[in-house]
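Welcome! Take a moment to look over the sequence and the 3D picture, and then let us walk through some parts of the fold together.

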Amino acid sequence: VTITTRLLVSHLSGIRHYEKDITKVKEEKEKANRALKLTKCHQDKEHKEKEGKGIEKTDCVKKKEHDGETKSRNSKPGRKDKEFEHEEYYLKEKFESVIESLKIFKNDPLFFKPGDQFLYSTYGFTLLSAVVERASGQKFTDYMLKMFRDLDMLSTVLDDNEAMIYNRARCYVYNKKGRLVNAPYVDNSYKWAGGGFLSSVGDLLKFGNALLYSYQAGQFKNGNGKLLPGYLKPGTVAMMWTPVAKTEVSWDRDGKYAMAWAVVEKNQQYGCCRQQRHYASHTGGAVGASSVLLILPEELDPEAPGAWPAAPPRGVIVTIICNMQSVSLNSTALKIAREFDKEKRAQ
């Protein structure tokens, strides 16, 4: 088979994640698909009721309500996330290079033919980092740290246990009794690309602004030549934020996966009804930590009459970093972004 960098960056390579048992992965996918069908059935029922075609509660709606009640009862603080039960999250071996870390999974079978199905894979990004290393002729970590410097992200560093890092936060997890305890020691050298960097909210905002500026730079008039080019070409960011077929997003059912980003496209089917704004986001989950970066671009209309809007970046960027494991943050970030966007429109 052939695995391309585009397949890797969109998690379509077939390379496994932390779960080694393909049967369990298939079961989880089927369970997720069933849940999605139930949600769709519930949404269809609501739409019919809005049209004045009230119907009795179907089995699928009853099942959905029952699931919601069960989920509510079981959503207690400290409930262990099954994702973090995999042993490989807690590796303590130090790898000297990303090439060396490929030995963890390089002899394992692919879970499906590349391009056929979506499977989120941290190891896919480990392989991607090896591609970057060979293509650039530099050590991956050196290449990334230089890039962070170019972006003025001076607080973003490797999560190296041995290094003395100023203001490094302690990380926490819930134990089996539901009490907060210190997160166990892990070595992230096996997954620098998939979760091996430490950062701050200030640096992530700079990163988001650099991407949003690059995305919008091509939409602004530059007659006086005062507008500097973006760090990336506008077309590159647009490509990164274009949904890829056969992908899915666990933290937002409206979204699709693009290239290393989850993307929700602009959509409104009915007047005075639910609007879907275009935004790009990504969550992060590690041992003892959770995070999100969400970019909600302002909708620009170059043909609109009146003065041309101020220079990019135009929109709302929200980032949250939490030093606790298994905290869902995307919906919170989206609510915050919408509130700021609403306030901005009202001005």
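Let us start with strand β9, which covers residues 315-322: six of its eight residues are buried, so the strand is largely enclosed by the rest of the structure. Keep in mind as you read that this is a predicted model.

Which strand pairs with β9? Strand β8 (residues 289-297) does, in the antiparallel sense and over eight bridges. To find one of the contacts, look for I295, whose bridge partner in β9 is I317.

## The whole sheet

Now step back. The open sheet has five strands, in the order β5-β6-β7-β8-β9, and their pairing is antiparallel. The edges are taken by β5 (256-257) and β9, each with a single partner strand, so one side of each has no neighbour in the sheet. Here is a handy rule for viewing: side chains in a regular strand alternate between the two faces of the sheet.

## Walking from strand to strand

Begin at β5, which is joined to β6 by two bridges, with the strands running antiparallel. Here Y257 has A262 as its bridge partner in β6. Strand β6 (residues 262-264) then pairs with strand β7 (residues 279-286) over three bridges, in the antiparallel sense. A262 turns up again in this pairing, where its bridge partner in β7 is S281.

Next, β7 and β8 pair over seven bridges, also in the antiparallel sense. In this pair, H282 stands opposite L293 of β8. The hairpin of β7 and β8 has two residues between the strands, and G288 in this hairpin takes a positive phi near 85 degrees.

## A pocket to explore

The second largest pocket has a volume of about 250 Å³. Which helix gives the most to its lining? That is α10 (residues 330-346), with four residues.

## A nonpolar patch outside

Finally, turn to the surface, where V1, I3 and L110 form a nonpolar patch with about 260 Å² of accessible area together. Where is L110 found? This residue sits in the loop between α4 (98-101) and α5 (122-136). L110 has a relative accessible area of 33%, so it counts as partly exposed, a class that lies between buried, under 20%, and exposed, over 50%.

Methods: Residues numbered from 1 in each chain as written. Predicted model: local features only at pLDDT ≥ 70, side-chain atom pairs only at ≥ 80, totals over all residues. Heavy atoms only, no water. Patch = residues over 30% accessible without salt bridge, like charges linked within 9 Å, V, L, I, M, F, W, Y side chains within 5 Å. Areas by Shrake-Rupley, 256 points an atom, 1.4 Å probe, with all protein chains shown as cover. Salt bridge = Lys/Arg side-chain N within 4 Å of Asp/Glu carboxyl O. Buried < 20%, exposed > 50% of the residue type's maximum accessible area, 1.4 Å probe, protein only. Pairing = 2+ DSSP bridges. 1 Å grid on protein atoms, 1.4 Å probe; cavity = no way out; pocket = protein on both sides within 12 Å on 5 of 7 lines; lining within 4 Å. Points joined across faces, edges and corners; volume = space filled by probe spheres on them.
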